[in-house]
Amino acid sequence: MASRFLTLFVLSLFFVLAASMNQEKVFDVRNYGAYADGKRDNSLAFTKAWNDACQWSSGRSTVYIAPGVFYLRQVTFAGPCKNSITFLVKGTLLAPQNPNFINQEEWILFEYVDSLTVTGGGLLDGQGSYSWPLNDCNKNSNCRPLAMNIGFAFVTHSRIDGIRSINSKMGHFNLYGVSDFNISGVTITAPGDSPNTDGIKIGRSSNMHIRDVTIGTGDDCIAILDGTTNLDISRVRCGPGHGISVGSLGRYKEEKNVQGLTVRDSVFIGTTDGLRIKTWAKSVSEISVSNFLYENIQMINVGNPIIIDQQYCPNGLCDSSGKYASHVQIKNVKYNQIWGTSTTKEALNMQCSRAFPCQGVELSNINLKYVGSDGLVTALCQNVGGSIRGTIVPGNCLI
Ligand SMILES: *[C@@H]1O[C@H](CO)[C@@H](O)[C@H](O)[C@H]1NC(C)=O
């Protein structure tokens, strides 16, 4: 009898202990002095709530942002944290109108965090319309960078799910040095003529999945920069904007290879470019771009549906076209089932480097039509090696 009681006692003690070891806790920013009045700066309250949540060691923690408009000048949420952490945004985070109030690369930055979830359906409002007129990057190659809406640096095993971002001063999401990182259910919006408002910018990152996202901005929907490996993109709705771009690459010595990109089941609507790879003609780095698959993609009134540009020179701010040959090697790039309409005749345009011609380019089941009536759709290819399968319209590119 006594031993049975003892067993029960020990068991219940065990459960109480286990429960206290695994206590999830919510840290509401309002309990740290945050006000949803859209005026007072809440940076300090948010940072304090984050720090407490980050140091919570008894279980998962959640930083909770209730419905309402919370003004934030600039914040950095740094790890490492003691446990998994969720940043739950129900409300709106409002950036300062004045770009001088932000003196870091991103308005909201997460760094050195493991097992982070950013979710809640809330909104990040960059209030970029006040600073877009100050952007002279189309004339000045040393133009002053303005803050991106949100950054993730050295964040691992993490995800963003169900967040909206509008009107960033420059780009919206910036991912650097992240790995095992997923983005889904995200909507990014800025006017088609807003300068440099990239949707998602990725560099030096690995093992990422991006799916079910809607992006319409004045620059790339997704920009993939050097050192990105194993990136899987699917179910993207892109437009307006400049499409999904790899690059520009080759300009700086320390650059790393880009390999293992998949873009599937997506649609481009009214974008200037669709699937683009761009490298500077004058390049110092000898890196490679390899093992890409573009599959099942619809183009609706897209300027350059398929484009490889190894003489990239935006706004004439570089050495003249044709003088230099890029040292970036592009190889093993497959395009399968790409169809729809182009607003330029050159629906398929691959200008590879004469010093490092493209290798292993595979085209299958391509059907692109020119929407204009002043000529026929054409394919332009230079220095491209590879093969074709199935029907290719426009053809005559790889024979
Ligand atoms: C990201 O998505 C992949 C594929 O669905 C999954 O295997 C992986 O566990 C996810 N990672 C995170 C951190 O959510």
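Trainee: Which residues sit around the ligand?

Mentor: They are His157, Ser158, Arg159, Asp180, Asn182, His209 and Arg211. Keep in mind that this model is predicted.

Trainee: What lies 3.0 Å from a nitrogen atom of the ligand?

Mentor: A polar side-chain atom of aspartate 180 does. Asparagine 182 has a polar side-chain atom 2.3 Å from an oxygen atom of the ligand. Then there is arginine 211: an N or O atom in its side chain is 3.3 Å from a ligand oxygen atom.

Trainee: How much of the ligand's accessible area does the protein cover?

Mentor: It covers 53%. On its own, the ligand has 360 Å² of accessible area.

Trainee: Which elements give two or more residues to that shell?

Mentor: Three strands: E11 (156-161), E14 (179-184) and E17 (206-216). E11 gives the largest share, with 3 residues.

Trainee: New topic. Which residues of H2 are buried?

Mentor: Ser43, Ala45, Phe46, Ala49, Trp50, Ala53 and Cys54. They cover an arc of only 165° around the axis, so they are on the same side of H2.

Trainee: And how far apart are the end C-alpha atoms of H2?

Mentor: They are 18 Å apart. Helix H2 has 13 residues, 43-55, and at 1.5 Å a residue it should span 18 Å, so the two agree.

Technical notes: Residues numbered from 1 in each chain as written. Predicted model: local features only at pLDDT ≥ 70, side-chain atom pairs only at ≥ 80, totals over all residues. Heavy atoms only, no water. Helix = DSSP H or I, 4+ residues; strand = E, 2+ residues; numbered from the N terminus. Expected span 1.5 Å × (residues − 1). Buried < 20%, exposed > 50% of the residue type's maximum accessible area, 1.4 Å probe, protein only. Arc of directions from axis to C-beta. Near = heavy atom within 4 Å. Polar contact = N/O pair within 3.5 Å; in protein donor to acceptor, adjacent residues only side chain to side chain. Areas by Shrake-Rupley, 256 points an atom, 1.4 Å probe, with all protein chains shown as cover.
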